[in-house]
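Here is a note for a colleague who is opening this structure for the first time. Please read the numbered points with the sequence and the 3D view side by side.

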Amino acid sequence: MRVWALAQTLKSHGYAVEVAESEPLLAIPAAFSSPVLVRCDLRANCGGELWFWFSDGGAIAPADDAHLHEVVVAVKGKLAGRAHG
């Protein structure tokens, strides 16, 4: 499952990650706010391929090994934004 691959990648960058048991969702705790939530779901306008999404609906990148680094950068940016305001 792609969520597990992303979880392992984020863990290798030093992040604590919680993977939901019942759905393709992971949570990355933030120090002073709610956690960053990332889902893996189909993207209709891309031929139905799997993509990673923020829980607020923002598409991040295709859910494949070639794009995991983009998701890590996006998660780091989201966490930094929450830390600074």
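**Notes on the structure**

1. Not counting residues up to four places away in sequence, valine 19 touches Val3, Trp4, Ala7, Leu25 and Leu26, where contact means heavy atoms within 4.5 Å. Valine 19 itself has its place in strand 1; helices (H or I, at least four residues) and strands (E, at least two) are DSSP runs, numbered from the N terminus. Between valine 19 and methionine 1 there are 18 residues of separation in sequence and 11 Å in space, C-alpha to C-alpha.

2. Please keep in mind that this is a predicted model, in which local features need pLDDT of at least 70 and side-chain atom pairs count only at pLDDT 80 or more, while totals for chains, interfaces and linings use all residues. Residues are numbered from 1 along each chain as its sequence is written, and side-chain values use heavy atoms, with hydrogens and water left out.

3. Which residues of helix 1 are buried? They are Val3, Leu6, Ala7 and Leu10, where buried means under 20% relative accessible area, exposed over 50%, and partly exposed in between (1.4 Å probe, protein chains only). Seen down the axis of helix 1, these buried residues fall within an arc of 105°, so they line one face of the helix; the arc is that of the directions from the helix axis to the C-beta atoms. They pack against strand 1, strand 2, strand 3, strand 4 and helix 2. After helix 1 comes glycine 14, with a positive phi near 90°.

4. Helix 2 (residues 68-83) has 16 residues, and from its first C-alpha to its last it reaches 23 Å, close to the 22 Å expected at 1.5 Å a residue; the expected span is 1.5 Å times one less than the number of residues. Its buried residues are Leu68, Val71, Val72, Val75 and Leu79. They cover an arc of only 100° around the axis, which puts them on the same side of helix 2. On the other side of helix 2, His69 and Val73 are exposed. The packing partners of the buried residues are helix 1 (2-12), strand 2 (25-28), strand 3 (36-43), strand 4 (49-54) and strand 5 (59-62).

5. Side chains of opposite charge can pair when their charged atoms come close. How many salt bridges does a search of the whole structure find? The search finds 3, a salt bridge being a side-chain nitrogen of Lys or Arg within 4 Å of a carboxyl oxygen of Asp or Glu.

6. One of these salt bridges joins aspartate 65 and arginine 2, whose closest N and O atoms are 2.6 Å apart. Because aspartate 65 lies in the loop between strand 5 and helix 2 and arginine 2 in helix 1, the pair ties together parts that are 63 residues apart in sequence. Aspartate 65 counts as exposed, at 56% relative accessibility, whereas arginine 2 counts as partly exposed, at 22%.

7. A salt bridge also brings together the side chains of arginine 39 and glutamate 23, at 2.9 Å from N to O. This pair links distant parts of the chain, with arginine 39 in strand 3 and glutamate 23 in the loop between strand 1 (18-19) and strand 2, 16 residues apart. Arginine 39 counts as partly exposed at 25% relative accessibility, and glutamate 23 counts as partly exposed at 32%. Glutamate 23 and aspartate 41, 18 residues apart in sequence, are 10.0 Å apart in space, C-alpha to C-alpha.

8. Aspartate 56 forms a salt bridge with lysine 78, with 3.1 Å between the closest N and O atoms. Since aspartate 56 lies in the loop between strand 4 and strand 5 and lysine 78 in helix 2, the pair ties together parts that are 22 residues apart in sequence. Aspartate 56 is exposed, with a relative accessible area of 56%, while lysine 78 is partly exposed, with 23%.

9. Arginine 43, found in strand 3, deserves a separate look. Arginine 43 is buried yet has no salt bridge, and the nearest side chain of opposite charge, glutamate 49, is 7.1 Å away; in this count Lys and Arg are positive and Asp and Glu negative, while His and the chain ends are not counted. Leaving aside its neighbours within four places in sequence, arginine 43 is in contact with Gly48, Glu49, Trp51, Trp53 and Ala59.
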